[in-house]
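Hi everyone, thanks for making time for this.

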Amino acid sequence: VILIYGLDTLSDNHEYSTDMETYAIIIAAILQVILAIWSIIILVIGIKVIQKFSTLKAIGNIFVPTIILLVVMFIFLYVAVGTI
């Protein structure tokens with residue numbers, strides 16, 4: 001995306017001048033989603049092998065701490081916004 005738009009990548013005004021640019025953005029987004037899913041799969045397999053967990057325990061080992069962290073962050077955000 002930076003190769004296409006240069007420094008205008010961070011601006012809010014994106015006008016795609018050609019269909020090719022639109023297709024490039026869509027393909028990049030699809031590849032990003034595929035690679036993100038693949039990295040999570042590799043992470044689960046790695047945790048499963050190293051810690052000798054089942055697949056569900058390995059998934060829980062990833063997502064339970066993430067959920068706890070998000071809950072704590074939302075609590076802090078709620079307290080901070082409530083005191084302003």
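Let me begin with one term: a helix here is a DSSP run of H or I with at least four residues, and helices are numbered from the N terminus. Please also keep in mind that this is a predicted model.

With that in hand, the overall picture: the protein chain has three helices and zero strands, and along the sequence the pattern reads α-α-α.

Let's look at helix α2, which runs over residues 19-51. It has 33 residues and reaches 48 Å from its first C-alpha to its last, close to the 48 Å expected at 1.5 Å a residue. Within α2, the buried residues include Val 44 and Ile 47, along with Glu 21. Just after α2 comes Lys 52, with a positive phi of about 55°.

Now, how much of the chain is buried? Of its 84 residues, 8% count as buried. The accessible surface comes to about 7400 Å², and 76% of that belongs to carbon and sulfur atoms.

Leu 56 lies in helix α3. Is Leu 56 buried or exposed? Its relative accessible area is 70%, so Leu 56 is exposed, given that exposed means over 50%.

Notes: Residues are numbered from 1 along each chain as its sequence is written. This is a predicted model: local features need pLDDT of at least 70, side-chain atom pairs count only at pLDDT 80 or more; totals for chains, interfaces and linings use all residues. Side-chain values use heavy atoms; hydrogens and water are left out. Helices (H or I, at least four residues) and strands (E, at least two) are DSSP runs, numbered from the N terminus. Buried means under 20% relative accessible area, exposed over 50%, partly exposed in between (1.4 Å probe, protein chains only). Accessible areas come from the Shrake-Rupley method with a 1.4 Å probe; for residues, only the protein chains shown count as cover. The expected span of a helix is 1.5 Å times one less than its number of residues.
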